[in-house]
Amino acid sequence: MLPATPEGIARAAALLCAGGLVAFGTETVYGLGADATNPEAIARIFEAKGRPRFNPLIAHYPNARLAFDDGVATDTARALAAAFWPGPLTLVLPRSETCKVALLAGAGLDTLAVRVPADPVALALLRACGRPIAAPSANRSGQVSPTTAAHVAEGLSGRIEAILNSGPCPVGVESTVLDLSGPDAVLLRPGGVTREAIEAVIGPIVRGLPLASAEAPRSPGMLQSHYAPGLPVRLEAREVAADEALLAFGPPLAGAAAVFQLSEHADCIEAAARLFDGLRVLDGTPGARGIAVMPIPQEGLGLAINDRLERAAAPR
Ligand code: TXA
Ligand code: MG
């Protein structure tokens, strides 16, 4: 437990920059933070939360200028940022060409959720870190979002490096998530900024289905813009053809047209960190008719890796 002093903030920033997980308070709820540019640190977030699937995370920034380096801003986005940032509003924007956030943090999507939190300690941490921090709510999967450092400790103690204690969260509900990546502004999650307040700035918005919500159908089309390889995907491969690209896990099968190694030593954290890069790289293999995926154990982060691969392999 780190105090919200300059020393505590500096220590938290150093842990984050070294790839550690640090929970920190925002005005909404406590977030479980990791360096958004470090895919292995992001993989550890999913492991610590015990999530059975990869959902896209929000990238946090100290100001709108830095947020709009990674997410492409529209006039609407700029108007909302001017009205509500820093504050409990998250904007889903197209990933920029130069976006430094790890693909895993966005669950392979072509969009990125960005937010500038209002809490002064969180802002100081973001400035000290010098890079975006990806943070879902700092609870175990299936538990309620924490609004005090003690709540975080109850759920995640022993699984993360530190908790930066900035006291109770004043808003107490998560940020509003607004998708600005399409032609209409779509409300994906109601939260700290009301629909009425948003509509007063940009006019009528549409109510949408949240991504990866528990009720959402588990189909590959569930996430419209979710990266799906162009090549067919074959799971549980125990041999590979000369015209297939291989996504390897552990010692690779021989004879493939191309190989992308997820993890030589069959480590699920490393494999999760490399998953979306691997799918994209293999998809570009000249002459390949498909991607063969070696078996990945159905335990720990393997569950989330397999969930994503099953959706990539489902008939389209
Ligand atoms: O208040 C908050 O937003 C807190 C604090 C820590 O910032 N964070 C939070 O994160 O609630 P999380 O991971 O529990 O919720 C993020 C929400 C999810 O509903 C997720 O589906 C959505 O944002 N989201 C993230 N990236 C998205 C994207 N690219 N497209 C659509 N929805 C996205
Ligand atoms: Mg949450």
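Start with strand 6, which gives the largest share of the shell around ligand 1, three residues. Strands here are DSSP runs (E, at least two residues), helices are H or I runs of at least four, and both are numbered from the N terminus.

Some ground rules. This is a predicted model, where local features need pLDDT of at least 70 and side-chain atom pairs pLDDT 80 or more, while totals for chains, interfaces and linings use all residues. Residues count from 1 along each chain as its sequence is written, chains are lettered from A and ligands numbered from 1 in written order, and side-chain values use heavy atoms, without hydrogens or water.

Now the shell. Ligand 1 is surrounded by 21 residues, each with a heavy atom within 4 Å of the ligand. Thr28, His60, Arg115, Ser175 and Arg189 are the closest.

Next, polar contacts, meaning pairs of N or O atoms within 3.5 Å. The side chain of Thr28 puts an N or O atom 2.6 Å from a ligand 1 oxygen. For Arg189, the side-chain distance to an oxygen of ligand 1 is 2.9 Å. Thr111 has a polar side-chain atom 3.0 Å from a ligand 1 nitrogen.

How much of ligand 1 does the protein cover? The answer is 93% of the 690 Å² of accessible area it has on its own, by Shrake-Rupley with a 1.4 Å probe.

Last, the helices. The axes of helix 4 (residues 75-84) and helix 7 (residues 195-202) come within 10 Å and cross at roughly 125°. Axes are lines fitted to C-alpha atoms over the stretch in contact, with angles from 0 to 180 degrees between N-to-C directions.

Note on methods: A polar contact is a pair of N or O atoms within 3.5 Å; within protein, one must be able to donate a hydrogen and the other to accept it, and residues adjacent in sequence count only if both atoms are side-chain atoms.
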